[in-house]
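I opened my notebook to walk through this structure one stop at a time. Come along and keep the picture beside you as you read.

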Amino acid sequence: MSPLLLLIAGSIRHGSVSDAVVRTAATLTSENHVARAYDETHLLPHFNPALEGPHLPAAVARLRSTFAGADAFMFCTPEYAGALPGALKNLLEWAIGGCMYQKPAGWINTATAPTGAARAHDSLRTVLNYTGALTVPDACVRIPVDRASVTPAGLISDGTTRADIAKALETLSAAVTKR
Ligand SMILES: Cc1cc2nc3c(=O)[nH]c(=O)nc-3n(C[C@H](O)[C@H](O)[C@H](O)COP(=O)(O)O)c2cc1C
């Protein structure tokens with residue numbers, strides 16, 4: 001069976017650059033994997049260990065089962081205030097404990113700023129480490145995307161950018177099959 005790559009945007013804003021990259025990636029077909037977007041980040045409550053147990057919030061239970069069913073994870077996130085967006089950090093806090101354990105992860109860094117959103121990605125690397133995911137260096141790529149290239153439908157139409165996204169997904173799925 002083809003590996004399932006789960007795609008996660010760091011911004012919960014529809015039409016954001018990271019959301020557009022994730023939605024575009026989900027439309028790119030491959031013989032080697034299936035790619036799907038996770039789109040419930042906005043539904044997750046703030047991480048609270050007191051909520052663990054039989055009455056886990058439904059969105060958290062769905063997150064964990066969706067992540068447990070995935071073979072690898074591809075992130076695309078902006079940098080907010082010098083770090084990972086709070087919504088994505090919150091998602092990853094809920095994901096610590098098993099559903100990402102020992103599975104490959106990568107990211108597509110779309111920053112156009114000279115700083116390259118380095119602090120967000122350093123922070124992503126750190127937090128991924130806590131989830132037990134295996135960050136795959138070759139699947140952590142920089143693909144600058146200008147906000148103007150997001151179409152009104154919230155997708156990326158530029159052929160080169162789409163090809164670069166497809167290549168990053170292939171690299172990630174190859175890491176699944178090599179395990
Ligand atoms: C509140 C706020 C804080 C931001 N902080 C940073 C930052 O620290 N570093 C950076 O490179 N860009 C920063 N930006 C710019 C965003 O990363 C940039 O607009 C990005 O394209 C947003 O991505 P999105 O379209 O996926 O939401 C910030 C934007 C906002 C609104």
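**Entry 1**

I began with Ala 81, which is exposed at a relative accessible area of 87%. A reminder to myself: this is a predicted model. I found Ala 81 in the loop between β3 and α3 (86-95).

Next I asked myself which residues are closest to the ligand. I noted 13 residues around the ligand, with Val 17, Ser 18, Glu 79, Ala 81 and Gly 82 as the closest. For Ala 81, I looked up the polar atoms: a polar backbone atom of this residue is 2.9 Å from a nitrogen atom of the ligand. I then checked Arg 147, where an N or O atom of the side chain is 3.0 Å from an oxygen atom of the ligand. For Ser 11, I wrote down 3.3 Å between an N or O atom of the side chain and an oxygen atom of the ligand. How much of the ligand does the protein bury? Taken alone, the ligand exposes 640 Å², and the protein buries 58% of that.

**Entry 2: Thr 77, in the loop between β3 and α3**

I moved on to Thr 77, which is placed in the loop between β3 and α3. Is Thr 77 buried or exposed? The relative accessibility of Thr 77 is 3%, and the cut-off for buried is under 20%, so Thr 77 counts as buried. I listed its contacts, leaving aside neighbours within four places in sequence: Gly 10, Ser 18, Leu 84, Pro 85, Leu 88, Ile 108, His 121 and Leu 124. Ser 18 was already in my notes as one of the closest residues to the ligand.

**Entry 3: Gln 102**

I looked up another positive phi and came to Gln 102, at about 60° although it is not a glycine. Gln 102 sits in the loop between α3 and β4. I noted it as partly exposed, with a relative accessible area of 36%.

**Entry 4: helix α5**

I gave the next page to α5, which runs over residues 159-178.

Then I went through the buried residues of α5: Thr 161, Ile 165, Ala 168, Leu 169, Leu 172, Ser 173, Ala 175 and Val 176. They cover an arc of only 145° around the axis, so they lie on the same side of α5. On the face turned away from the buried side I found the exposed residues Thr 160, Lys 167, Thr 177 and Lys 178. What covers the buried residues includes β1 (4-9), α1 (17-27), β2 (34-38), β3 (72-76), β4 (104-109) and β5 (134-142).

**Entry 5: Ser 173**

Ser 173 is buried, with a relative accessible area of 3%. I saw that its side chain makes a polar contact of 3.0 Å with the side chain of His 33. Not counting residues up to four places away in sequence, Ser 173 touches Pro 3, Leu 5, Asn 32 and His 33.

How values were computed
Residues numbered from 1 in each chain as written. Predicted model: local features only at pLDDT ≥ 70, side-chain atom pairs only at ≥ 80, totals over all residues. Heavy atoms only, no water. Helix = DSSP H or I, 4+ residues; strand = E, 2+ residues; numbered from the N terminus. Expected span 1.5 Å × (residues − 1). Buried < 20%, exposed > 50% of the residue type's maximum accessible area, 1.4 Å probe, protein only. Arc of directions from axis to C-beta. Contact = heavy atoms within 4.5 Å. Near = heavy atom within 4 Å. Polar contact = N/O pair within 3.5 Å; in protein donor to acceptor, adjacent residues only side chain to side chain. Areas by Shrake-Rupley, 256 points an atom, 1.4 Å probe, with all protein chains shown as cover.
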